[in-house]
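Look at the model first, then read on.

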Amino acid sequence: MPDYVIPSPLRPSLPVKGANGHFPVRRIYCIGRNYADHAIEMGHDPEKEPPFFFQKNAENIDCSGEFPYPTETKEVHFEVEMIVALKSGGTNIETTDAMQLVFGYGVGLDMTRRDLQGEMKKMGRPWEIGKAFERSAPMGPLVPISETGQLDSGSISLSVDGNVRQCGNLNQMIWKVPEQISYLSRFYDIAAGDLIMSGTPAGVGPIHQGEVMECRVDGLEPFVVKVF
């Protein structure tokens, strides 16, 4: 191991249901507009668009169950997503082999400064300022695939103060999890510790201080986040 000239930052990690150890996080890949109804509500045609990904930083993860309303924005949106955690990786992976890489699943949020994202879109600039800000990736504990089996159907939902705002089914994904893994591996050296945020159903919208979000995916632990 090298000697560092400053203290080495801690590696971000996620708790794992039923385990003493944590899952170390390397990268976070987020697929855009992967549910047809969400693509439509965002003004796009889901029949014509190939998959695309953007990244959040691993340091954006927050497992505390609290979300501080971020600065420099007046419009923060929630997007509930199923997380796919990888235990191994590679390049040019076939879809038939992709599920062998999966460690487990979790529930998370892709919090978005929508007004800032919109400004970047208009100028043709990257989205990071709207997507990859501090604590923008609230996440619950992972559940090993050995407990859940392959999750390719089941409800995914988000409620705000008990009112359902998003509700879909995992089987509505345009690009399924094996396809996402395979596609990513064509462009990146994916590896153990990588997370994939697999898309959000329709109903994304603004959140405000004092509200409580409850995120659910069938077969996984519910995840509750309070905004302050």
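Q: Which residues form one aromatic cluster with Phe52?
A: This is a predicted model. In it, Phe52 belongs to an aromatic cluster of three named residues.

Q: How many aromatic pairs does a search of the whole structure find?
A: The search covers the whole structure. Ring centres must lie within 6.5 Å to pair. The number of aromatic pairs found is six.

Q: Are the rings of Phe53 and Tyr183 stacked or edge-to-face?
A: Their centres are 6.2 Å apart. Planes under 30 degrees apart count as stacked. The planes of Phe53 and Tyr183 are at 25°, so the pair is stacked.

Q: How many residues apart in sequence are the parts that Phe53 and Tyr183 tie together?
A: Phe53 lies in strand 4. Tyr183 lies in helix 6, so the pair ties together parts whose separation in sequence is 130 residues.

Q: Is Phe53 buried or exposed?
A: Buried means under 20% relative accessible area. Phe53 has a relative accessible area of 16%, so this residue is buried.

Q: Which residue lies over the face of Phe133?
A: The distance from the ring centre is 5.9 Å. The residue over the face of Phe133 is Lys56.

How values were computed: Residues numbered from 1 in each chain as written. Predicted model: local features only at pLDDT ≥ 70, side-chain atom pairs only at ≥ 80, totals over all residues. Heavy atoms only, no water. Phe/Tyr/Trp six-rings, centres within 6.5 Å; stacked < 30°, edge-to-face > 60°. Helix = DSSP H or I, 4+ residues; strand = E, 2+ residues; numbered from the N terminus. Buried < 20%, exposed > 50% of the residue type's maximum accessible area, 1.4 Å probe, protein only. Lys NZ or Arg CZ within 6 Å of the ring centre and 35° of its normal.
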